[in-house]
Amino acid sequence: SFDKSTASEFADKYLRKFSSIKDMKYINELKIELSKTEYEYDGKNKTPKVSIKGLKENVDYTVDYINNLNPGVAKVTNSAAGDTLGEVTKTFIINPSKVENLRIDSRNEKSLKLTWDEAFGVTEYIVYQYIDNDWEKIESTNKNSVTVKNLDSSNVYQFKVRAYTKSGDKKCYGEYSEWLTTATKPQTPSI
């Protein structure tokens, strides 16, 4: 409820600071920019610089970062201070790190087992194979290895992998690994 004493406190705290209503600045009506909106995870907190046209940080507004370390959607909340009113939250992305060290763990005539270094904060890895002059998604896994089956013997294949993190409804994708070119074993001759 909003009684007379609450109204009076509000007026003392906010409205009487301004010589006129036109001097009020509402943070949510101003242009707010982040110096960067996408990062790659590296184990360090991400703190993009916040710019609000016509205002000074720590004078007219304060900045608080939320979930700004691990892969996913991070937030920066801009709260009014001084002669400014309101609060605005902006988001930015921290993608998983690039998948590193994609390699062959084992091979036979009809399959190849791929493995790679585990990345931090990953929901799943997506494995791609180069087929007919295009990269096609062939499998998703939450492990850092996969066995690709139903291949032809003595054939050369190319693969790459990327990781993603699911944060709410958003998927945050890391960079693709380097391509791996490898081959299946030749078919064993029958005697």
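1. Contact here means heavy atoms within 4.5 Å. By that criterion, and leaving aside neighbours within four places in sequence, Ser97 touches Glu40, Tyr41 and Ala119.

2. The model is predicted: local features need pLDDT of at least 70, side-chain atom pairs count only at pLDDT 80 or more, and totals for chains, interfaces and linings use all residues. Residues are numbered from 1 along each chain as its sequence is written, and side-chain values use heavy atoms, with hydrogens and water left out.

3. Ser97 is found in the loop that links strand 8 (87-95) and strand 9. Strands are DSSP runs of E of at least two residues, numbered from the N terminus. Ser97 counts as buried because its relative accessibility is 17%; buried means under 20% relative accessible area, exposed over 50% and partly exposed in between, with a 1.4 Å probe and protein chains only.

4. Three strands form an open sheet in the order 9-10-13, with antiparallel pairing. Its edges are strand 9 (103-107) and strand 13 (145-148), each of which pairs on one side only. From one strand to the next, the twist averages 25 degrees. Two strands pair if DSSP finds at least two bridges between them. Axes are lines fitted to C-alpha atoms, and angles run from 0 to 180 degrees between N-to-C directions.

5. Strand 10 (residues 112-115) and strand 13 run antiparallel and are joined by four bridges. Among the bridge partners in strand 13, Val146 belongs to Leu114 and Thr147 to Lys113.

6. Which residues make up the covered and uncovered faces of strand 13? Val146 and Val148 form the covered face, whereas Ser145 and Thr147 form the uncovered one.
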